[in-house]
Amino acid sequence: MTSRRPIACVTTILFLCLLQNYCFAQDKAKNTFGKVSPTDFALPNTSIIDSNANAVILSDVGDVHFVGNKKGWFSYVYKRQTRIKILNKKGFELATVKVYLEGPKYEDDDKLSNVDAAAYNVENGQVVQTKLDPKDIFQNRTEKEWTEAKFSVPGAKEGAIIEYTYTVTSDYYFRLPAWEFQWEHYPCLSSQYQVDIPQTLSYILVRQGVHPYVVDKGGAGRTSYRVTQKVESDISGSDRDLMVSANTIKHTWAMKDVPAFGNERYLTTPQN
């Protein structure tokens, strides 16, 4: 088997603090969702985009923070916002988005919300937007433990910009979403992942890949959480809401101009 550098990604696993003691700065990506101008269609002159590119990931931003839940503990909230320039028909596959939701029972499943998507095309010098209709978001139980949510961005054409955003709220706090800065077949101009974790929880950071971070900053904060506890001794069976304050650990990672991973003979999957 020939060697291949591992795809650049961050994975978190429970039980070890992941952050270095840096002074935290507000490095959140500027929210440009829904704001597309004709100048956004021009790609920069960079070596990661060549004649074989079928699409370019313009930006990919992930954010994880925690909220109190009705089970007396924490749930994580994961938001993703992605913008892509489609160069030709081979890039149309990126207009179909799949989100996998964990949960053995429907009442315990991950919750998908705030789904928004649109395609943008230049017609007669003007940017024309085609938005996703919420009724075109479908969910299908694919396995006992997983549900697939799926939607296709309408209006995707050669030369179009597509973007989408969604939020997943999950009680399965012991396994945070992994983040891949490097895409398998497409160059990525900008990718960022940010976490804000109460210090009650701690995680191992597993990093793969050799591409450097342009941002790698961490620090501390403090947040209040509303946690609902069931009071079993209460005859009325009512629940009790508590406001819990906790120190938090924050970290932001970002990469820019990450080339496509590409294919490799005898490689069963890029994750290997």
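Predicted model: local features only at pLDDT ≥ 70, side-chain atom pairs only at ≥ 80, totals over all residues.
Residues are numbered from 1 along each chain as its sequence is written, and side-chain values use heavy atoms, leaving out hydrogens and water.

So who does D171 team up with? Its side chain meets that of K71 in a salt bridge, 2.9 Å from N to O. D171 sits in the loop between β9 (161–170) and β10 (179–180), and K71 in the loop between β2 (55–68) and β3 (74–86), so the pair ties together parts that are 100 residues apart in sequence. K71 itself is exposed, at 51% relative accessible area.

Side chains of opposite charge can pair when their charged atoms come close. Here, a salt bridge means a side-chain nitrogen of Lys or Arg within 4 Å of a carboxyl oxygen of Asp or Glu. The structure holds 8 of these salt bridges.

One of them joins E102 and R175, with the closest N and O atoms 2.5 Å apart. Because E102 lies in strand β4 (residues 96–102) and R175 in the loop between β9 and β10, this pair ties together parts 73 residues apart in sequence. E102 is buried, at 13% relative accessible area, whereas R175 is partly exposed at 40%.

Another salt bridge pairs K157 with E123, and here the closest N and O atoms are 3.8 Å apart. K157 is in the loop between β8 (146–152) and β9, while E123 is in strand β5 (residues 111–123), 34 residues away. K157 is partly exposed at 44%, and so is E123 at 37%.

Now for the strands, which are DSSP runs (E, at least two residues; helices are H or I, at least four), numbered from the N terminus. Of the 13 residues of β3, 12 are buried, so this strand is largely enclosed by the rest of the structure.

Two strands pair if DSSP finds at least two bridges between them. β2 and β3 run antiparallel and are joined by 13 bridges; for instance, V61 has Q81 in β3 as its bridge partner. These two strands form a hairpin with 5 residues between them, and G72 in the turn has a positive phi of about 80°.

β3 also pairs with β9, again in the antiparallel sense, over 10 bridges. Among the partners here, K79 bridges to T167 in β9.

Definitions and conventions:
Buried < 20%, exposed > 50% of the residue type's maximum accessible area, 1.4 Å probe, protein only.
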